[in-house]
Amino acid sequence: MKKLRAIMLAIAVLLITNTSVMAAGLEIVKTSPKNGDEDIPLENMGVKITFNKDVFDEKNNKANKNAVKIVDKKGKEIKSKLIFSDKEKKVALVIADSKQKIDPVSKYSVVVDSSFKAADGTMLGKEEKITFKTLNPSTSMKISMAMMLVMVVGMIVFSSRSMKKQMKDQEKQKTEKVNPYKVAKKTGKSVEDVVNIENKKKEKAQKKAREEAELEEDMIYEEPLSPGHFRVATKRTVAQGGSKYITGRKAEAEKKATKKQTKKNKKKNK
């Protein structure tokens, strides 16, 4: 007997709970923009409405489209369309028609009628209104110009700092190269070893300069073809081709390298 009473009580609780759930009406959970928001863009003006229940239903969609409208501050209806999504079944998007003229700095409202119905058949029960104010285009342009100016100034400052840092680093490297005492103190090597290392680096740079000059001196020469002969892959330098013309670039490069080395040696001796 006690078990029967417990079972009947459990059934009664379940029935009451289900009845309460079924009795819960349709409600708007949130909107974007919110009621009272300002600076709403003129293009694609509209409101995204999220409900507490699924509202996507092919049977109700047609009736629901007639239950939602956009009106201006005088209450005049603006042509609009209501969009549902099978991926976001609790969402409805009402948007003004692209051909409609939307006034800047003006109030508009999205009105949802009490007859708006959820997929389970429950209705909204009361009229809901979301009012907002459109954007001033001149203000938007000023904000955009100000942001652009800030970006340009920031880029100039950043570039200036980077350039200064780069010049400072180059100057530092240059100073370190001509100051063997500082390098010796920093590395723990003797001044003589530092000087020898620097001299080897300079000799290597001079050798590279001479090689580059020689490459310019040795211009590629190809033999002209005689009648009945065909071109082959053999290449000769100007000197090999019999030319005695000298550009003087090699001698000039060696002279510059020697002069530069002499100046550096004088500074070290000081």
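This is a predicted model: local features need pLDDT of at least 70, side-chain atom pairs count only at pLDDT 80 or more; totals for chains, interfaces and linings use all residues.

User: How many salt bridges does the structure hold?

Analyst: Three. A salt bridge here is a side-chain nitrogen of Lys or Arg within 4 Å of a carboxyl oxygen of Asp or Glu.

User: Which residue pairs with E88?

Analyst: K48, with the closest N and O atoms 3.9 Å apart. The two come from distant parts of the chain, 40 residues apart: E88 is in the loop between strand 5 (80–84) and strand 6 (91–96), and K48 is in strand 2 (residues 46–51). Strands are DSSP runs of E with at least two residues, helices are runs of H or I with at least four, and both are numbered from the N terminus.

User: What is the relative accessibility of E88? And the relative accessible area of K48?

Analyst: E88 is at 42% and K48 at 34%. Both values fall in the partly exposed class, which lies between buried (under 20% relative accessible area) and exposed (over 50%), using a 1.4 Å probe and protein chains only.

User: What about D120, which residue does it form a salt bridge with?

Analyst: D120 pairs with K53, and their closest N and O atoms are 3.0 Å apart. This pair also links distant parts of the chain, 67 residues apart, with D120 in the loop between strand 7 (107–112) and strand 8 (128–133) and K53 in the loop between strand 2 and helix 2 (58–65).

User: Is K53 buried or exposed?

Analyst: Buried, at 14% relative accessibility. D120 is partly exposed at 47%.

User: And what does K126 pair with?

Analyst: E128, at 3.9 Å between the closest N and O atoms. K126 is exposed at 53%, whereas E128 is partly exposed at 23%.

User: Switching topic. Where does N35 lie?

Analyst: N35 is in the loop between strand 1 (28–32) and strand 2. N35 is exposed, with a relative accessible area of 53%.

User: Which residues does N35 touch?

Analyst: Leaving aside residues up to four places away in sequence, N35 touches K129, I130 and T131; contact means heavy atoms within 4.5 Å.

User: What does the side chain of N35 reach on T131?

Analyst: The backbone nitrogen, at 2.8 Å.

Definitions and conventions
Residues are numbered from 1 along each chain as its sequence is written. Side-chain values use heavy atoms; hydrogens and water are left out. A polar contact is a pair of N or O atoms within 3.5 Å; within protein, one must be able to donate a hydrogen and the other to accept it, and residues adjacent in sequence count only if both atoms are side-chain atoms.
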